[in-house]
Number of protein chains: 2
Amino acid sequence: MNPELHLENIRSVLIRLEETIIFGLIERAQFKQNPIVYRRAAIDGLDEALVDYLLHETERIHARMRRYTSPDEHPFFQDLPAPVLPALRYDDNPLQPNRLNLNSRIRAEYETFVIPRVCDAGDDGQYGSSAVSDVSNLQALSKRIHYGKFVAESKYRRRPAEFEELAHAADRDGLLAAVTDLEVERQVVERVGRKAETYGLSLVEQGASPKIDPGAVVQLYAEWIIPLNKHVQVEYLLERVPRGG
Amino acid sequence: MNPELHLENIRSVLIRLEETIIFGLIERAQFKQNPIVYRRAAIDGLDEALVDYLLHETERIHARMRRYTSPDEHPFFQDLPAPVLPALRYDDNPLQPNRLNLNSRIRAEYETFVIPRVCDAGDDGQYGSSAVSDVSNLQALSKRIHYGKFVAESKYRRRPAEFEELAHAADRDGLLAAVTDLEVERQVVERVGRKAETYGLSLVEQGASPKIDPGAVVQLYAEWIIPLNKHVQVEYLLERVPRGG
């Protein structure tokens, strides 16, 4: 099997992304919610919301560097320029071709679900810094959530008959049950809580003042990241499995 | 005194930047050195080195978001567009106007001093990811090093006569001695080593494989970041102090 589909390798990518996500949230928590950065045309000189403007410009650059030719990357915007770098790897894309992209939902819920749990309410004027941090976080969260495609492909290849039957019947509940492993989820949530606490504590010991609540990070994983990741798995499998006759 | 000049506040900014820097280095250490990303015109379709191209484009966007109107931010490129966001804070810039900018040196030594200590030699084809990580690291290191301006301004205001005498005599060695606090340096290096070890260890315990050597992070602070920060302090004071007659 393609090494990118070994569960051990997938697991190590997801564990590394936990650090990126937790530190990104700790970074964002330095600033208040600053709701103005999420509102269209709220800032003079910009039609888009500041976060969307920055995300869009960042994606234009990254597209030229062929970021979105990688099967584990998903853009938030579709009107991106062609790569200037020659395609390099990814000839051995282990996924089935698919167009599944949850980013518009991720962007919306980042604003309504994530930010209120991570940041204090209010406006501290730190719009640029907040938006820069938001762009990194959105990219990391999108990667984490869409990694469900690799998880699903890996599970499918080990038990094709079971997934084909469920997909042919368009049985979303059955697919969700089949991709769910509650013991693994428990481990992820426990580990993430421990990390958020460790990193938060070591910041406190060292004289900085982290404002992030480990409970908020746990909730984010348990109620948002993991469910969305499983949603990606189910939708990918519905699209991936050859239609039965 | 302007709160940005209270040593306690400066210290907490610098401590927070340690996390950003250490995690940025751990992120970069996932990839090999990939020397091609630092070489001009080494990649088809680009005249600049890939890192410089990405840094330049990123700075163009951030300039529009008025990042470089902030006294604690210094661009690597000078041909940047004007801000589209209205100026907001920074009316109370606590620094004396100055043009001190060490970024060309920071960029060069990042490639020759930092990368060989952080990454395994070789080329793994992960050019885009390496360059994205480099841009974040260069920005964080530049901020950390140039924060010496705030440190120097704070020290000057507490002991103006002493610094004026040394600056009038253009006594760089004397200024360097006057801004040096070996006990504080020892604490910084010790804390950074402990953090690099803690974060590295917790990655190992949790199943990821960090490749960063805490000794490399210690060396980076002791032999590069702290000396450059003090160099900024000395040069800032030479420029800042009113010339004697």
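Which residue forms a salt bridge with Glu19(A), and how far apart are the closest N and O atoms? The legends below take this up in the first view. This is a predicted model, in which local features need pLDDT of at least 70, side-chain atom pairs count only at pLDDT 80 or more, and totals for chains, interfaces and linings use all residues. Residues are numbered from 1 along each chain as its sequence is written, chains are lettered from A in the order in which they are written, and side-chain values use heavy atoms, with hydrogens and water left out.

**View 1. A salt bridge joins Glu19(A) and Lys195(A).** The closest N and O atoms of the two residues are 3.0 Å apart. Glu19(A) sits in helix α1 of chain A and Lys195(A) in helix α8 of chain A, so this pair ties together parts 176 residues apart in sequence. Helices here are DSSP runs (H or I, at least four residues), numbered from the N terminus. Over all chains, the count comes to 42 salt bridges, each a side-chain nitrogen of Lys or Arg within 4 Å of a carboxyl oxygen of Asp or Glu.

View 2. Four salt bridges are found across the interface of chain A and chain B. On the side of chain A that touches chain B, α1 (7–28), α2 (50–64), α4 (127–146) and α8 (182–205) each supply at least two residues. The largest share, nine residues, comes from α1(A).

**View 3. Phe23(A) and Phe23(B) form a stacked aromatic pair.** Their rings lie 3.8 Å centre to centre, with 20 degrees between the planes. Rings of Phe, Tyr and Trp (its six-membered ring) pair if their centres lie within 6.5 Å, and planes under 30 degrees apart count as stacked. This pair crosses between chains, from helix α1 of chain A to helix α1 of chain B. The structure holds five aromatic pairs over all chains.

**View 4. Chain A meets chain B through 45 residues of chain A and 44 residues of chain B.** Contact means heavy atoms within 4.5 Å. Of the interface residues of chain A, 98% are also interface residues in chain B, so the copies meet through the same surface.

**View 5. A rotation of 180 degrees, with 0.0 Å of shift along its axis, superposes chain A on chain B (RMSD 0.0 Å).** In chain A, Thr58(A) has the C-alpha nearest the axis, 3.6 Å from it.

Technical notes:
Copies are superposed by least squares on the C-alpha atoms of residues with pLDDT of at least 70 in both. Rings of Phe, Tyr and Trp (its six-membered ring) pair if their centres lie within 6.5 Å; planes under 30 degrees apart count as stacked, over 60 as edge-to-face and the rest as tilted.
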